[in-house]
Amino acid sequence: MSLDQYLPVLLFILVGIGVGVVPQLLGYFFAGAAGFNKPDAAKNSPYESGFEAFGDARMKFDVRYYLVAILFILFDLEIAFLFPWAVALKEIGPVGFWAMMVFLGILVVGFVYEWKKGALEWE
């Protein structure tokens, strides 16, 4: 193996670092020079509504909101596994079909468990 084979990997890493670091440096130099860190009365005024802020913006949310959101993401992401499986269904044959049926069965058991525990109820 020659080192020429690693050149694309090295370039990929350097471009990735550049994409992450260069915008931050540009933002630091241009935003810092423009005085964005020194708010005045206009910047501290109410935004578009025209009303003064009332209450704390960091109010507590019910934990059920987060639970439902996590469950949605969990079951929604599993659908992403169905697309490549459906495309390759003819090539993977019956073994792939039944492997996916076991996977979906486990998902259904988890979904029924969460449903019975009341995690999906919103009061």
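Is the crossing of H3 and H5 left-handed or right-handed?

**View 1. The crossing of helices H3 and H5.** In this predicted model, the crossing of H3 and H5 is left-handed, a term used if the near helix is turned anticlockwise from the far one by less than a right angle. Helix H3 (residues 63-78) and helix H5 (residues 89-117), both DSSP runs of H or I with at least four residues, pack at an angle of about 165°, with their axes 11 Å apart; the axes are lines fitted to C-alpha atoms over the stretch in contact, and angles run from 0 to 180 degrees between N-to-C directions. The two helices H3 and H5 are therefore roughly antiparallel, the word for angles over 145 degrees.

**View 2. The residues between H3 and H5.** Contact (heavy atoms within 4.5 Å) is made by Leu71, Phe75 and Glu78 of H3 with Phe103, Leu107, Gly110, Phe111 and Glu114 of H5. These residues divide into five nonpolar, one polar and two charged, where Leu and Phe count as nonpolar, Glu as charged and Gly as polar.

**View 3. Confidence along the chain.** The mean pLDDT, the predictor's confidence in each residue from 0 to 100, is 81 for the protein, and 77% of its residues reach 70 or more. Among the elements, helix H2 (residues 41-44) has the lowest mean pLDDT (67) and H5 the highest (91).

Residues are numbered from 1 along each chain as its sequence is written. Local features need pLDDT of at least 70 and side-chain atom pairs 80 or more, while totals for chains, interfaces and linings use all residues, and side-chain values use heavy atoms, without hydrogens and water.

Technical notes. Parallel < 35°, antiparallel > 145°, perpendicular 65-115°, else oblique.
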